[in-house]
Amino acid sequence: MRRAHRHQSGISLMGLLFWAVILSFTGLVAARTIPTVMEFYTIQHAVDKIARGNPATVPVARAEFERVKQVEYSITSIGAEDLVITKEDDRVRISFAYDKQVELFGPVSLLIKYEGRSH
């Protein structure tokens with residue numbers, strides 16, 4: 001009896017190289033951008049906490065942010081002077097915006113524009 005010839009399936013060497021390059025690039029971008037995203041959420045959390053405290057004056061709000069910044073060493077992209085502090089309906093609103101340039105490799109970099117506001 002003759003056996004039926006089975007068709008083998010799998011990934012070729014070129015397919016393996018292609019996926020290795022794609023996964024490596026994705027991993028590189030993730031490894032370089034995740035710390036900046038975490039910094040953004042730390043800033044957002046600090047701004048929300050300060051706004052909930054409803055500081056009496058702008059200098060008090062800025063001083064509180066500087067205190068938080070001394071504890072949270074991950075905040076390096078923004079300072080208290082970069083905060084825009086306003087009062088709306090007897091509540092303090094704090095907003096901020098900054099750009100973060102992430103070096104990937106050689107002359108290639110990624111520019112991320114972060115913007116946030118207290119809730």
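Five bridges join strand S1 to strand S2, and the two run antiparallel. Strands here are DSSP runs of E with at least two residues, helices are runs of H or I with at least four residues, and both are numbered from the N terminus; two strands pair if DSSP finds at least two bridges between them. The model is a predicted one, in which local features need pLDDT of at least 70 and side-chain atom pairs count only at pLDDT 80 or more, while totals for chains, interfaces and linings use all residues. Residues are numbered from 1 along each chain as its sequence is written, and side-chain values use heavy atoms, with hydrogens and water left out.

## Sheet

The bridge partner of Val84 in S2 is Ser95. S2, residues 91-105, is also joined to S3 by ten bridges, again with an antiparallel run. In S3, Val108 is the bridge partner of Phe105, and Lys113 is that of Asp99.

Together the three strands form an open sheet in the order S1-S2-S3, with antiparallel pairing. S1 (84-88) and S3 (108-117) stand at the edges; each has a single partner strand, so one side of each is left without a neighbour in the sheet. Neighbouring strands of this sheet are turned by 20° against each other on average, direction ignored, where axes are lines fitted to C-alpha atoms, for helices over the stretch in contact, and angles run from 0 to 180 degrees between N-to-C directions.

## Hairpins and positive phi

Most residues other than glycine have a negative phi, and most peptide bonds are trans. The hairpin of S1 and S2 has two residues between the strands. Asp89, in the loop between S1 and S2, has a positive phi of about 55° although it is not a glycine. Asp90 lies in the loop between S1 and S2, and its phi is near 60°, also positive in a residue other than glycine. Asp89 is exposed at 76% relative accessibility, and Asp90 is exposed at 65%; buried means under 20% relative accessible area, exposed over 50%, and partly exposed in between, with a 1.4 Å probe and protein chains only.

The hairpin of S2 and S3 has two residues between the strands, and Gly106 there takes a positive phi near 55°.

## Helix H1

H1 covers residues 13-52 and lies across S2 and S3, running at about 165° to S2. Its 40 residues should span 58 Å at 1.5 Å a residue, and the end C-alpha atoms are 57 Å apart, which agrees; the expected span is 1.5 Å times one less than the number of residues. H1 bends by about 30° at Thr33, and a proline, Pro35, follows within four residues. The bend at a residue is the angle between axes fitted to the seven residues ending there and the seven starting there.

The buried residues of H1 include Gly15, Thr33, Thr36, Glu39, Phe40, Ile43, Gln44 and Val47. An α-helix has 3.6 residues a turn, so residues three or four places apart point the same way. The buried residues of H1 pack against helix H2 (58-71), S2 and S3.

Thr36 is found in H1 and is buried at 6% relative accessibility. Leaving aside its neighbours within four places in sequence, Thr36 is in contact (heavy atoms within 4.5 Å) with Tyr98, Lys100, Val102, Ile112 and Tyr114.

## Aromatic pairs

A search of the whole structure finds seven aromatic pairs. Rings of Phe, Tyr and Trp (its six-membered ring) pair if their centres lie within 6.5 Å; planes under 30 degrees apart count as stacked, over 60 as edge-to-face and the rest as tilted. Two of the pairs are listed below.

| Pair | Centre to centre | Angle between planes | Class |
|---|---|---|---|
| Phe18 and Trp19 | 5.3 Å | 75° | edge-to-face |
| Phe40 and Tyr41 | 5.4 Å | 65° | edge-to-face |

Phe18 is partly exposed at 46% relative accessibility, and Trp19 is partly exposed at 48%. Phe40 is buried, with a relative accessible area of 13%, whereas Tyr41 is exposed at 53%. Ring pairs link Phe40, Tyr41, Phe96, Tyr98 and Tyr114 into a cluster.
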